[in-house]
Amino acid sequence: MSQAFVKESEEQWLHDVVPTLNALITYLTRENNGVRVYEKKSMPGPQGKEMHLMSNGLSYSIDRDSKWYVVY
C-alpha cells in the first residue's frame, strides 16, 4: 500500500474528534499543516456549553451529542 493511500484513509472530521480541548487542539494543529493552534479565550456559549475561541480565528463548542462544531 502506498503512503499516500494510508494517509488519505486516516482523514478525520471535526465531529469525530473526542470532545476534549486537547483533542481539539491536536486536530486543529494537524489541519493547520502542523502550525500550532491554541485557545485564546473561553466563554459561555450556546446551549450552556463552553465556547473556545481558538488562534485560527474560529470558535468551537460541543453540541448535545458531545460532538465538536464551529460556532457562527
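This is a predicted model: local features need pLDDT of at least 70, side-chain atom pairs count only at pLDDT 80 or more; totals for chains, interfaces and linings use all residues.
A salt bridge is a side-chain nitrogen of Lys or Arg within 4 Å of a carboxyl oxygen of Asp or Glu.

**Entry 1: Asp63**

I started with Asp63 and asked how far away the nearest side chain of opposite charge is. That side chain belongs to Lys67, and it is 7.4 Å away. With a limit of 4 Å for a salt bridge, Asp63 has none, yet it is buried. Next I looked up where Asp63 is found, and it is in the loop between strand S3 (59–62) and strand S4 (68–71). I then left aside its neighbours within four places in sequence and found Asp63 in contact with Gln47, Lys49 and Tyr69.

**Entry 2: the hairpin around that loop**

S3 and S4 form a hairpin with 5 residues between them. In the turn, I noticed that Ser66 has a positive phi of about 60°. The two strands run antiparallel and are joined by 4 bridges. One pair I traced myself was Ile62, whose bridge partner in S4 is Trp68.

**Entry 3: the whole sheet**

How many strands form the open sheet? I found 4, in the order S1-S2-S3-S4, with antiparallel pairing. Strand S1 (39–44) and S4 are the edge strands, each pairing on one side only. From one strand to the next, the twist averages 30°. A handy reminder for me: strands of a sheet pair through backbone hydrogen bonds, either parallel or antiparallel.

I then followed strand S2 (residues 50–54), which pairs with S3 in the antiparallel sense over 3 bridges. Leu53 stands opposite Ser59 in S3.

**Entry 4: the helix and the core**

Helix H2 came next. H2 lies across S1, S2, S3 and S4, and runs at about 30° to S2.

Which residues make up the largest nonpolar core? It has 12 residues: Leu14, Val17, Leu24, Ile25, Tyr27, Leu28, Val37, Met54, Tyr60, Ile62, Trp68 and Val70. The elements giving two or more residues to this core are helix H2 (21–31), S3 and S4. H2 gives the most, with 4 residues.

**Entry 5: back to Trp68**

I returned to Trp68, the bridge partner of Ile62 and a member of that core. Leaving aside neighbours within four places in sequence, Trp68 is in contact with residues including Leu14, Val17, Leu24, Tyr60 and Ile62. His15, Pro19 and His52 are also among its contacts.

Technical notes:
Residues are numbered from 1 along each chain as its sequence is written. Side-chain values use heavy atoms; hydrogens and water are left out. Buried means under 20% relative accessible area, exposed over 50%, partly exposed in between (1.4 Å probe, protein chains only). Lys and Arg count as positive and Asp and Glu as negative; His and the chain ends are not counted. Contact means heavy atoms within 4.5 Å. Two strands pair if DSSP finds at least two bridges between them. A nonpolar core is a set of buried Ala, Val, Leu, Ile, Met, Phe, Trp, Tyr and Cys residues joined through side-chain atoms within 4.5 Å. Axes are lines fitted to C-alpha atoms, for helices over the stretch in contact, and angles run from 0 to 180 degrees between N-to-C directions.
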